[in-house]
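This report describes parts of one protein model. Look at the sequence and the structure before reading on.

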Amino acid sequence: MGRNTRKRRTPLATKAIAASAALALGGGGLIWANFYASAHESGNQSWGGNRTKAATAQVSTISCPDVGQRLTNVPNQARGEVAGELSNLDRQITDAYQRLATTRDAQAQDASFVQNSILQPLKDRRKAILDRIRLEITRVGGTAPGDLDTLANCTAQNADQTTGGQQQNGGQQQGGQQQGGQQQGGQQNGGQQQGGQQQGGQQQGGQQNGGQQQNNGGQAGNGPAAADFVDITKVQANVQAKPRKSRNASTGTFTTRCGVNANKNHNTDNVIVAPGVTNGAHHLHDYVGNQKVNAFSSNNTFLQGGTSCQNKNDLSSYYWPVVRVQDGSQDFDQNADGGGKEGNVGKILVPAQAQIKYVGSPTGKVVAMPQFLRIITGDAKTTTNGLANANAHWSCTGFENKVQLTTQYPICPQGSKVVRTFAFQSCWDGQNVDSANHRTHVAFADANGNCQNGFKAIPQLTMRLVYNITPPTVQNGQVKNAYAVDGFPEQLHKPATDHDDFISVTTGGLANKIANCVNRGQNCA
């Protein structure tokens with residue numbers, strides 16, 4: 001695939017919108033638009049502008065299938081082109097979210113506006129992109145999914161019909177072994193979701209409460225909401241016991257010290273899912289480890305990138321969405337794509353600590369990670385996709401061995417810090433360093449710690465990020481000084497959308513040294 005320098009159009013919120021303009025939407029996204037019957041509102045407001053709101057608000061949602069997750073068998077020769085088309089779908093969703101947020105007068109005055117002006121044109125334009133995806137796959141001898149056309153149709157939903165942001169014990173979550181006594185056992189998609197049990201009957205993220213629809217909240221109007229937070233001292237313990245270790249377990253650890261991104265190495269690209277596409281992530285990432293990672297990086301670039309890690313043989317890239325505190329402040333990207341233009345607002349917080357550790361398998365030895373292995377853990381689109389691939393873990397210092405939250409952010413007691421942890425997939429198919437949907441080449445171990453379907457155990461990457469955050473306050477259904485993880489604007493900054501990305505790049509035999517250290521039961525750094 002050639003160098004793709006496509007950039008997002010100027011956000012629709014900053015330019016005139018013709019009522020007859022065709023709306024292009026795509027990808028997998030859930031679009032939320034608050035619209036208020038108020039004569040004081042303009043259709044030309046930017047993300048962070050103050051809005052005069054009528055007493056009663058309505059919320060409209062559009063749910064679109066996540067096309068990328070359905071494409072599990074794309075030939076290598078077509079993956080670049082397909083990734084570009086998927087990025088087009090994401091970009092269209094972002095633009096459409098902004099358009100919905102600026103056409104609330106039209107929606108309020110015309111009950112058929114969403115169907116006639118959004119859903120039907122949306123279906124037609126999605127089908128055109130899906131046809132191009134099918135063509136790219138078949139052009140190189142591949143076979144596209146037979147039901148690809150069915151992914152063109154999107155549906156309008158009320159907020160209480162969505163799965164995203166709902167706290168439910170029966171929800172599904174992918175897990176994995178976590179350090180420090182946190183959740184263990186790599187629960188599969190059918191496992192029970194841990195953490196964040198609904199407190200005090202409070203309804204979750206955008207659901208109806210007491211018969212009135214709640215605001216999406218947040219400094220930019222797209223979350224988080226008060227219901228996305230919970231006092232961690234009021235949550236019952238939910239961390240399960242670790243799997244029992246066998247006699248052949250690999251019990252060692254390898255810690256790599258790569259800093260906290262104090263040098264502010266940021267961008268809004270994602271070279272794994274959107275290679276060659278500027279602003280492919282639509283949100284800002286922290287990068288530690290490899291220092292030359294952007295949409296146009298290649299394996300050769302990684303080898304020349306230098307590293308923030310103390311071990312200079314560790315050229316791996318570790319990157320995650322930034323956390324911001326929404327206290328009314330602005331940061332350097334207030335007027336930038338992926339930042340304030342897309343609802344990611346507030347002061348960017350640098351982690352106080354960032355621990356990166358590789359751990360072993362409770363049931364056997366591990367093999368070394370292959371060079372350039374890519375892993376994404378968690379799902380940035382859980383508000384659309386549901387919690388099947390969610391792997392977010394939020395807690396507070398002093399509570400990590402007791403409580404891990406997936407669909408709520410913790411309000412920590414005085415003296416306690418917010419903690420994000422990740423446990424990556426620890427089973428590899430033994431052949432591929434990536435897959436078409438960036439998931440099927442790796443997997444989580446089962447509840448007993450075993451890899452299934454011929455997969456091999458690899459050192460499990462775990463990460464622990466600690467933040468100094470003044471606790472938000474919730475009063476009368478409103479949250480003040482909220483904090484939130486960056487994300488796609490239509491995902492409403494829900495905590496379940498937290499995710500982490502990794503590209504394994506090592507020199508000097510480091511990959512083998514990590515595996516040997518873990519297999520021998522040593523604690524190395």
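In the largest nonpolar core, which has 50 residues, Y318 and W394 touch the most other members. A nonpolar core is a set of buried Ala, Val, Leu, Ile, Met, Phe, Trp, Tyr and Cys residues joined through side-chain atoms within 4.5 Å, and buried means under 20% relative accessible area, with a 1.4 Å probe and protein chains only. Apart from that core lies another, of 16 residues, including V67 and L151.

The model is predicted: local features need pLDDT of at least 70, side-chain atom pairs count only at pLDDT 80 or more, and totals for chains, interfaces and linings use all residues. Residues are numbered from 1 along each chain as its sequence is written, and side-chain values use heavy atoms, without hydrogens and water.

Six strands form an open sheet with mixed pairing, in the order β15-β17-β21-β13-β7-β26. Strands are DSSP runs of E, at least two residues, and helices are runs of H or I, at least four, numbered from the N terminus. Two strands pair if DSSP finds at least two bridges between them. The edge strands, β15 and β26, each pair on one side only. Strands β7 and β13 run antiparallel and are joined by four bridges; F254 has Y358 in β13 as its bridge partner.

| Strand | Residues |
|---|---|
| β15 (edge) | 393–396 |
| β26 (edge) | 523–524 |
| β7 | 253–256 |
| β13 | 353–359 |

Helix α4 covers residues 113–139. Among the buried residues of α4 are F113, L122 and I137. After α4 comes G141, with a positive phi near 90°.

How values were computed:
The expected span of a helix is 1.5 Å times one less than its number of residues.
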